[in-house]
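Thank you all for making the time this morning.

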Amino acid sequence: MNQKNQDKNKDHRYHRTGWLRAAVLGANDGIVSTASLIIGVAAAGTSLEDILLAGVAGLVAGAMSMAAGEYVSVSSQADTEKADIKLEQHHLSEDIEFELQELTEIYIHRGLDPSLARQVAKQLMAHDALGAHLRDELGINEHISARPLQAALASAGMFTLGALMPLTATLITDTSHIMQAVALFSLVALACLGALAAFLGGANITSGVLRVTFWGMLAMALTAVVGRLFGVMT
């Protein structure tokens, strides 16, 4: 492959979707949930110690929740992939001709004429029958297969980084201005996160920024209302 074709391939962003989704989701949740929690508790008129306690507890609980959720969901995906691989191995050992025809029909539906489709199917199955069926029949690719522990650690780590932003704002701000400082600091962080995610994904940066800041602002506003209501009632 020449240099021009290599440069063209590098322009595509699809290979980033897996880790980019996990990173953005983790960091966004960390910022929004921790900032909302701090603002809600502060709106109730509590002390700085109680606000920090709620923020730190939210960070630990959120990070563990993200890790557990990702691990369980990705483990389920991995179990399904393993079961499909085992089943496909059984099918190949039982009726190789049927599997050849199945792969041929897949290529016909993708636009190849029948004779060429069968020829392609034969050559691919001669090289790696299981790999061809996993990739083209089931959509399982070894390069993007489920990795539960990796997903859990990445989500927990990004959540923690995100949660540290509103916590930092809480620590360096006067108690009377915690709500405003946390909201401003968090919205700026969300805007930067949205812009970075959009840039890495090749999407519109303005849309990315508006999307994350809108939902972050809404979450913080609602928790502030709840905190204020509880503060009035107590």
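The largest nonpolar core in this predicted model has 21 residues, and those with the most contacts inside it are I38, I39, I51, F159, I178 and V182. Helices α2 (17-43), α3, α6, α7 and α8 each supply at least two residues of this core. There is also a second, separate core of 10 residues, which includes L92, L103, I106 and A129.

Leaving aside neighbours within four places in sequence, V182 is in contact with A35, I38, I39, P166, A169 and T170. Two of those partners, I38 and I39, are themselves among the residues with the most contacts inside the largest core.

V182 is also one of the buried residues of α7, along with I178, S186, A189, L190, L193, G194, A197 and A198. If you follow that list along the helix, you will see steps such as I178 to V182 and V182 to S186. An α-helix has 3.6 residues a turn, so residues three or four places apart point the same way. Just after α7, G202 takes a positive phi of about 70°.

Turning to α6, I would point you to G162, which is found in that helix. Is G162 buried or exposed? Its relative accessible area is 1%, and because buried means under 20%, G162 counts as buried. Not counting residues up to four places away in sequence, G162 touches A27, G30 and I31. The C-alpha atoms of G162 and L193 are separated by 9.5 Å, although the two residues lie 31 apart along the chain.

In α8, which runs over residues 205-233, we find T213, and this threonine is buried as well, with a relative accessible area of 13%. Once its neighbours within four places in sequence are set aside, T213 is in contact with L187, L190 and A191, and of these L190 is listed among the buried residues of α7.

Now to the outside. Y71, V72, L149 and L153 form a nonpolar patch on the surface, with about 430 Å² of accessible area together, and α3 (48-94) and α6 (148-171) each supply at least two residues of that patch. Y71, whose place is in helix α3, counts as partly exposed at 41% relative accessibility.

Which residues make the one salt bridge that the structure holds? They are E97 and R118, with the closest N and O atoms 2.7 Å apart. This pair links distant parts of the chain, E97 being in helix α4 (residues 96-109) and R118 in helix α5 (residues 114-136), 21 residues apart. Both partners are partly exposed, E97 with a relative accessible area of 43% and R118 at 24%.

Finally, the overall view. The protein has eight helices and zero strands, and buried residues make up 34% of its 234 residues. Among contacts with a separation of 6 or more, 72% are between residues 24 or more positions apart. The protein exposes about 14,000 Å², and carbon and sulfur atoms supply 65% of that area.

Notes: Residues numbered from 1 in each chain as written. Predicted model: local features only at pLDDT ≥ 70, side-chain atom pairs only at ≥ 80, totals over all residues. Heavy atoms only, no water. Salt bridge = Lys/Arg side-chain N within 4 Å of Asp/Glu carboxyl O. Helix = DSSP H or I, 4+ residues; strand = E, 2+ residues; numbered from the N terminus. Buried < 20%, exposed > 50% of the residue type's maximum accessible area, 1.4 Å probe, protein only. Contact = heavy atoms within 4.5 Å. Patch = residues over 30% accessible without salt bridge, like charges linked within 9 Å, V, L, I, M, F, W, Y side chains within 5 Å. Areas by Shrake-Rupley, 256 points an atom, 1.4 Å probe, with all protein chains shown as cover. Core = buried A, V, L, I, M, F, W, Y, C linked by side-chain atoms within 4.5 Å.
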